[in-house]
Amino acid sequence: MRIILNVWRQAGPREPGRLIRYECDKVNEDMSFLEMLDVLNEELIERNEEPIAFEHDCREGICGSCGFLIGGVAHGPMPGTTVCQLHMRHFRDGEELTLEPWRATAFPVLKDLIVDRSALDRIIQAGGYISINAGSAPDANAVPVPKADADRAMDAAQCIGCGACVAACPNASASLFTGAKISHLGLLPQGQPERAARAIRMVNAMNDEAFGSCTNIGECEAVCPKRISIEVIARMHRDYLRAAWSQRPSKQEAGGAG
Amino acid sequence: MRLDSRVPSGPIEKKWDNCRFEMKLVNPANKRKFTVIVVGTGLAGGSAAATLAELGYNVLCFCHHDSPRRAHSIAAQGGINAAKNYQNDGDSIYRLFYDTVKGGDFRAREANVYRLAQISVNIIDQCAAQGVPFAREYGGTLANRSFGGAQVSRTFYARGQTGQQLLLGAYQALERQVDAGRVRMMPRHEMLDLIVVNGQARGIVTRDMVSGAIAAHVADAVVLATGGYGNVFYLSTNAKNSNCTAIWRAYKHGAAFGNPCFTQIHPTCIPVSGEYQSKLTLMSESLRNDGRIWVPAAKGDKRKPAAIPEAERDYYLERRYPSFGNLVPRDVASRAAKAVCDEGRGVGETGLGVYLDFSDAIRRLGRQVIAERYGNLFEMYERITGESPYEVPMRIFPAIHYTMGGLWVDYRLMSTIPGLFVIGEANFSDHGANRLGASALMQGLADGYFILPYTVGDYLANTKLEKISADHAEARGRVEQVTGFGRRLLSIRGRRTVDSIHRELGKLMWEHCGMERRQAGLEHAIGRIAELREEFWKNVNVVGPGEGINQSLEKAGRLADFLELGELMCRDALERRESCGGHFRAEWQTAEGEALRDDENFAHVAAWLYQGEGRAPARLTEPLSFEYVHPAQRSYK
């Protein structure tokens, strides 16, 4: 197979970037998309050119490291699939593709296809947890969890934090990501004591970063490699609204969860 | 030097209690005066960093990913063992201990394994309280499944993503402490050296992977939780960035390396499809419950599987092991697959694969039942290979999956360098010569949540530490050394890519130090690895600058260390003149081709001590005694 790639090359955060055209002649349909880039990079190194920088690690679709836009679509054309699990047999011989990094103000480009997603960690820092120190837990079966709730919590907890939802959203909103964590913890009995404070703090943290707001477009759900439903955004809004009416923790109280 | 395992006295069920009582405590007001460095944020590192911070220590935590949530623990599928006996099926701490010692083929320290089994129950409590969405029964209690040949159901799971959910639990606990200001998290930092002052581990040198800056960080103790070294084989189920650099640089400062040749090979992985292959993907071993493994009976039979009549197929596991059949342990199944492929009966384009066939199960149970049990895995297989396991048999082949070896640690998880603690897969661990399924997650979290936080405190309370800063002469010296190392790599500008040399190393290791090892092969590999190392330092091409992101430079540094570690693994395999667990020396096997242990001469841990460049490392031994579980020959006939 032959594939033509137009790849975003950018030397550093403050450097200008541009698309560079590469022709890949040695593409095999059993290759993964990233293996095609590996082969291209080997060729670039042999020509003493800098290889294309892209993030990846597990290559099993679970670590959330990889991801870029293929022809404007986050993680490419296969639904429910990260780019590391996307294989070349789904492309046509001679196809021309454009690869770009996630595009969002909250995710500054560091180099080529690599962006800085630390804003997502900061959202989790603002209450995306249950406060329990090691050693103080009751017996695991002391708190029963209805199976339906556990299953629904798991659906939300599957988020791999790749950032595709932000990249796909015309507003660059991180609502699917934030909603997934608020839903996961809010659906479990263990998450109830901090539920209200968590919703307020996490939503505020999201708003403090350079993410946009959710306007229910649904692009996030369409590209999510773990098929997380936008129902989690509705849950987030409900928890936020309810918390905003029922309690207004002082900044210090809300921050005192740690 | 003598290895002191510091195993406490008393009966086995009291040892950990006795140890905890004997250990000195650090007064709560004093804890905040100490700083601990934790390198790595997987299950072991993430849980350790969070717990140390909860106790009040200052924690400096490093990972090479963009976020601590990406560590490779996240890819663990199956589950986590715990001796809860929720199923009332006769499980107990003692039974989990017994299974683990036996499964490790009698090459693990009994006291450590017992403690691991004891703590397993606390881990499940802790994780459930953190909100890990474990599978539940309709009544709301936790569900279990059986795993890896155990006769009880003791494995807790969260769909096929148990590692992910446990890791996110630890990650969230860690981020809570970042929020509280007790952990300073340094993502995108790679540890490149250890700082040892007056014989004590006092800090590390890192490269900032965004700016390229090399810097020293000092502390009162250092914890390495940097995972396993399976990527020495180039192709493995490990994540692409998993590497041995942190433990290897510690080894070169005098931390003994325990049982480096103990590696685990997993029998059910998707076979290699071509030279470009970058990694191997595991298919859960649960598939062997309903799939039947076979190859054509005749050599070189290239017909499509459906065209091969029943009489011309060889269900070799069912034939060789009538009582266990397709469910023999991982090491046995892997070796049998290699044997039939060596005979020229392997399937697929490369001839390195065997069929895992579900057609009988589909006929017997219906497609619906099989889809319910294995739907996710079938989907993943089809995504990668383009073939549907409902229609054609899966092709599978063994792959490197886990390394039982690692830095030697005593009962308190401290290496031979005072103040350097090693946890999780990075240490030589509690799994002996073979790890049982669903035990890696258990060990990582036991170390991080419940063992290390006590033992670090004892070390700090008992040790006089000189006040030092990152300006200390030793720290500056190490920074200079690391800077020079990077410059040297960038200045070679040869003709070979890092990956091409890494692939060659991997093939050598797989051929001679993989599933089957022989004296001549190991000696050959040791020679070839030395040549390859020379080739690397003369002819590698690392393109790009030292400043800023440079993934080739990162890979080159890691490969330089793999090229040294590979040799040590071969040496260890050569010296261990017996077969045990995952270590199979062709010269030591029973008449039926099974592993033949030599308990008289090799019931010990081999720990290798670095003696300087160009000098052979010293082999120390820690004798293992089995007072509770008596060594016996494993049989699956």
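Analyst: The account below starts with the chain, moves to the strand, and ends with the contact to the other chain.

This is a predicted model, in which local features need pLDDT of at least 70 and side-chain atom pairs count only at pLDDT 80 or more, while totals for chains, interfaces and linings use all residues. Residues are numbered from 1 along each chain as its sequence is written, and chains are lettered from A and ligands numbered from 1 in the order in which they are written.

Chain B holds 17 helices and 19 strands (DSSP runs numbered from the N terminus: helices are H or I with at least four residues, strands are E with at least two). Its radius of gyration, 24 Å, is close to the 26 Å that the globule rule gives for 637 residues, so chain B is as compact as a globular protein of that length; the radius is taken over C-alpha atoms, and the rule is 2.2 Å times the number of residues to the power 0.38. The C-alpha trace of chain B spans about 75 × 60 × 50 Å along its principal axes.

On one side of the pairing scheme is β6(B), residues 189–197, antiparallel to β7(B) over eight bridges; strands pair if DSSP finds at least two bridges between them. In this pairing B:H189 stands opposite B:D208. Two residues separate β6(B) and β7(B) in their hairpin, and B:N198 in the turn has a positive phi of about 50 degrees.

β7(B) also pairs with β8(B), residues 214–218, in the antiparallel sense over five bridges. Here B:R207 is opposite B:I214. The hairpin of β7(B) and β8(B) has five residues between the strands, and B:G212 takes a positive phi near 90 degrees.

As for the other chain, the contact takes 64 residues from chain B and 66 residues from chain A (two residues are in contact if their C-beta atoms, placed from the backbone, lie within 7 Å). α6(B) gives the most to the side of chain B that touches chain A, with ten residues. The residues of that side divide into 22 nonpolar, 27 polar and 15 charged, where Ala, Val, Leu, Ile, Met, Phe, Trp, Tyr, Cys and Pro count as nonpolar, Asp, Glu, Lys and Arg as charged, and the others, Gly among them, as polar.
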